[in-house]
Structure formats: C-alpha cells, structure tokens
Amino acid sequence: MTITQKLAQKLAAEFSVAPWQAENLAALLDEGNTLPFIARYRKEKHGSLDDQLLRKMAERLSALRALDKRREEILGSMESLGQLTDELAQSVRGAATLSELEDIYRPFRPRRRTRASAAKEKGLEPLAVLLLAQDRGAPAPQELAAPFVDAEKGVMDGEEALAGARDIIAERVSDDADLRRQLRTLLQFRGRLVSRATTEDDSVYRLYYDFDQPLARMASHRVLAINRGEAEGFLKVKVACPEAEAVAICERAYVRAGRPTSEQVREAVRDGYDRLLFPSLERGARADLTQKASDSAIQVFGENLRHLLMQPPARGHTVLAIDPGIRTGCKAAVVDPASRVLDTGVLYPLPQHGRVEDSRRRMLGWIGKYHVTAVAIGNGTASRETERFVAGAIADLPRKPGYTVVNEAGASVYSASQLAAEEMPELDVTLRGAVSLARRLQDPLAELVKIDPKAIGVGQYQHDMEPRALDARLDSVVEDCVNAVGVDVNTASPALLSRVAGIGPALARNIVAFRQDNGPFPDRARLKKVSKLGPKAFVQCAGFLRVPGGANPLDASAVHPESYPAAKKLLGLLGYKNPAPAGLSDLRDRAEAYPFDTLCAALAVGAPTLRDIIAELLKPGRDPREDLPPVTLRTDVLDIGDLAPGMELAGTVRNVVDFGAFVDIGVHRDGLVHISRMATRRIEHPSQVVKVGDVVTVWVASVDKAKNQIALSLIKPCLVKP
C-alpha cells in the first residue's frame, strides 16, 4: 500500500467517505487540479461530494502529509544520532498527532544548555541512574554520591553531586512521553483557565477580572478575549491543574516508596513537575486553546464572508451612492445598471453647512435626470443624519427610489489602491469610495473581491489570528464564491478574474490586456490566444468563464468545453434542432423518457455530468444568488428613540460571532441578538440559526439609550419563558 493510499484511508475514516473517493481526490490534487474544478467537473471521480467537504478533506490531506514529513525527519534525526531502536521507531510511526511525535522526540532533540546537561558534563549521570534504581540494599544517598565528588569538575561535595543527579532525573521526568500524555489528558478534562485583574480600572475585560472556567468548556471568543486582555496588561492568566493528582501520577511512574534513595527521587520528580513539566504543559494547553479558538474564529469569519459575498445583486438599478461625511460633506456618485459612472459630486445635507436645501435640490435633480431607482448610503460617520436627509428628500416623490445602508468597511482601502486608480483614473480618491458603494449594492461579489477580506469586517478578533491561516481560509472562500457564480470574461475586472480557478493575477492582467487590444472575446476558444494561458490553465478556468451573447450559447453556460460534444449529441438524440433556451422547457421530460444509464452510455459521460448539462441547458448561466431574498430597500427611517421593548421589526444580519449576531434594524446602530435569545431549543453556535445577509424578524428586548445599545430577540415575546 502506497503512502497516498494509507493517507486516503485515514481521510475516508475521518470524513465517512469511501476510500476510493479520498484516493481519487488526492490523485486529482496531485495532478494540479484546482478544488473548484474538481468539485464542479470531476464529480464522477469523487462521487459528487460537496465542495466544502472536498476543501476540508484537501486541508486535512495537507496536514497529514506535513505530519508524515515531520515523522520522517524525526526518524532520520534519531537514526543519525544512533538512538533509533525498533521500539522507538514503532512509537514514532504510531504517533497520531504532532504533539505525540514531539513528545517522543523530546529527549533526543538538540537543546540549549540546561542544568541537567551541565550535571551530565560533570559526570553525574551514573549517579542519577543509581538513585533512580532505588535498590532496597543501596547505601545512603550521601554514600552513593561520595565517589562523584570531584573538585576539578566543579563537584565540591556530596550534596552538590546529589543536586546535579536530581536535575538529570527532573529532566528525564519532563521528557517522559507517556507521562506527558497522561498529564495532558488530566489537564484536558480537569484543568481550568483562571484570569485575574492586574488593575482596578474599568475596561472591556471586566468580565474576566475574576474568571475561572474548565478548559473543556472554554468558548472560543472567551479564549481570544482573555488572550487580548493579557497582552494589553489588564489580566494575569494561568492554567490551574489538580496538583495533588498530577504529582501523584508522576510519583507512581518513578518513586518506589521505602527505598534508601526514594526521597531523592521524589524530590527530583517534584522539581521536574514544578520547574519543567507543568510549565511546558501549561504553555501547550494555552497554545491548544488558542489554536482551537483561532480555528473556530477563522471558520466563523469564512462563513460570514461567504454569505456576504453571495448576497443577491441588485441588478437593473441605477444607483445614487452617498458616502457620508461631516467636515468635507458627503461624496456622491450616480452609477448606471452596467456600473458605469454617470455623475459625481458633493452634498452638504447637515445643517451646520447651511446648504441643506441646495443639496436636496441637487440630489432630486440626479434622481430625476438619471431615473435613479435605489440609493446606497454608507454606514460610516454621519450615516444616520444622511439617512434622515435622504428619507425626507424623497418623501414627496411620486415614485420613490428605495434606499439601503451599505457596509462601507474596506471602501477607503480600495479607493486609495492601485486597482481603483486604474479603474477610475479621472476620479478623486474620495469619489471612488462612493462609486464602490454603488457597485457593492449592484453586485456585492464583483466589488468586494477587490478588497482584502480582512478589511470587510465580518469576523471577530481577526487581528489576533495567525495571518497565513486566516488569509488561506478567506482566499479559499472568495475562490469558491467566484467560481460558484461564474464570471463574464468580457466585463470582469482583473481582481475578479484573478479569483477564477486556474487564473492568477498575472493571467488576469493578460486577459484584460487581450480584451482591450482585440475587443470582446467572441467565444471561450479565443482564450487560448491569451499570452501564458496554456492548455492546463484553459481546462481549469474555461467552465467558470462566461461569454454571453456569443455564437455558441454553451459559452454562456457552466457546461465545460470538454462536454460540448456530449451536450450537442444529447440535443440531437432528444430531437432538438438549433434550440434556444426558451425552447428547451421539456428537455428534462424528454431525457427521462430514456433509460438514464443508456443515455449516459450513448454520450460517454457519467450521470452527474449529464445531470449538470441538462440543468445548464434549461437555465444557462444561472446565478445561484438569484434564489436568495432580494435586497430590502426602505423609504422610511427609525431612530433609537422610536424603539420600545416588544416592538417587532425586520432586520438584516450584518455579522455572526460566537456569542450572537448583529442585526441592522435601520437605526444606524446594529442590535445584538445574544445566542440565548435565538431559539427556544439549545444551540451550539449562532450560525445554526442565522447567517450574514439573512432578513429576519426580531423583537426589541431592551434599549439602553445612554450606552447606545440595543438588545434584540429572535424569539417572539409570548414564547419567552418568564
């Protein structure tokens, strides 16, 4: 059995799939295929597994391979040191986790000079062996130590010799892999995380000024909050362990009671536990907690980002976008349904500028001239005042454009970027932000891919995450979303094209340059003329790039060029001649009239591919975002002062975190639905109930006007237990 087959078996067991599915996935990845391509166009190979499951399996495969690489490094190192025995080799090969591997390797790992290594240099290791033997007939410790007194080596008396021997024993205790495993298990189930205040000053960490909770029950957001409080100097944190039980475990492993040297060994064991072993395990426990919390936070961030990117586009709207500001006014831009900039300017809707009426006339002029159907208002400073101005200005219009508040997180970063300068060289940086807000409303995915995902603001404690892990996760989410929707190759920006499977930034620039020099792509085949876009890249990307309005309607669909012959043959077998999509309404019925297996055999394709071809022919280029509720556009306005407990409102989920969800109810300040107010049943995480972008019905639980805080509930008041 090959290494890949062994790893595939582990994957299959962990993810409850068949070994052939895991093995084929590994082979496809090793061939250089991208995950979106594998998920969409190689379903027969992996049994139509979900794309998210495939990504988790791929990540786990990478981790298992890294573990195996480290395993081989350790075996090689131990062999070069002449320390590799059959028993050790078996232990190394049987280790299931990196921590187990490192525990086994710990005694052989090169290390800095220690008290134990200094004692060994003085020739005291044989004395340590004699003490550890704990023979019944052994002489007293001082007698055992006498032969090891050597002034030239720095051992001046028997007590100094015994102290050095105890240091050697202490280090051996600390390096004992089996003992570390037992104590790690004890910590896992009986350990507690304790934090205490280092100041009497109030802070956001007050909840943790006197905190004590079992490690096994620590919520991810609490771990990250405590870590940050410690880093900022507000908290002192430690891991507490049932010490008596832990020391007893150590003593059972090393101390043989009633022997002449037993007390020397007991003292060494206690020193090894206090000075070396427990501090190491405490660091490990904290690191494990942080890793799990980070993984959880990254997962939540990724899911929030996925739902944000997959928000339905507000297609067909001419949008007036207003980026609120106090000192320099509100930057505004009018953008047509094709995202072209029609007009820009600055409005001064706040009374202190003395230009409210002039701004009202100008805004209404834009609405009338360009037939504006939606207004997008950024949620930054002065958003609330701008929202009131817009609602008042449009109140008397016979055909009111709806308005919505758009999250402007990251807009300033994009506005000042090289990409924005290339897209809108004629516009000032501040006006680019308004254009970006309009485009965010029209097509969130196409616009948000231009911004670093970390700047979008749908996570928690993102600045405390390991950057590479966070970036990898968020990049994979963006890649999955872009490829799930598909990209119009003739209108997409370089930022959007670069996220298509098989295309990176360089190829994206080449595609845009080719488009500018040669005009729109008439078909997918023309992509092969793009510099550096070779056969392998074409296979990966072609199915995700769309060419609407071309001579071949399949170029506008998700049918891969490799399946064109099968699609054309299918239409011929079913009796269609030069069909338009509107004339294929009975395609599925005609296909089902055939035995499906017979049809697959005739077309030389698998059943999943045939089903996908039929679905695409019925709805070529279908956007999965169309199945979601449309963007809610409002014409009225609320204030926090209008709210009262029990009031029923509609809101949009803006962010989901471990302890709840923040919901925009149109009062500028998002309300918090705590996890305890999300369902009448017990839930483990808010994501089980809501996701970013959901339009939900909420009830006001409480309003704190002084702190500008709103507590909401997803549970109808009459269902809340008294």
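Student: At what angle do helix α26 and helix α29 pack, and how far apart are their axes?

Tutor: This is a predicted model, in which local features need pLDDT of at least 70, side-chain atom pairs count only at pLDDT 80 or more, and totals for chains, interfaces and linings use all residues. Residues are numbered from 1 along each chain as its sequence is written, and side-chain values use heavy atoms, without hydrogens and water. Two packed helices are described by the angle between their axes and the distance between the axes. Here α26 (residues 564-573) and α29 (residues 607-618) pack at about 70 degrees, with axes 11 Å apart. They are therefore roughly perpendicular (65 to 115 degrees).

Student: Which residues make the contact?

Tutor: A566, A567, L570 and L571 of α26 meet L610, I613, I614 and L617 of α29 (contact means heavy atoms within 4.5 Å). By class, this contact has eight nonpolar, no polar and no charged residues.

Student: Which residues touch the most other members of the largest nonpolar core?

Tutor: A nonpolar core is a set of buried (under 20% relative accessible area, 1.4 Å probe, protein chains only) Ala, Val, Leu, Ile, Met, Phe, Trp, Tyr and Cys residues joined through side-chain atoms within 4.5 Å. In the largest, of 141 residues, they are L127, L183, Y273, L545, I665 and V698. Helix α15 (residues 262-309) supplies the largest share, 16 residues.

Student: How do strands β12 and β13 pair?

Tutor: Strands of a sheet pair through backbone hydrogen bonds, either parallel or antiparallel. Strands β12 (residues 660-664) and β13 (residues 671-674) pair in the antiparallel sense over four bridges (pairing needs at least two).

Notes. Buried < 20%, exposed > 50% of the residue type's maximum accessible area, 1.4 Å probe, protein only. Helix = DSSP H or I, 4+ residues; strand = E, 2+ residues; numbered from the N terminus. Axes fitted to C-alpha atoms, helices over the stretch in contact; angles between N-to-C directions. Parallel < 35°, antiparallel > 145°, perpendicular 65-115°, else oblique. Nonpolar A, V, L, I, M, F, W, Y, C, P; charged D, E, K, R; others polar.
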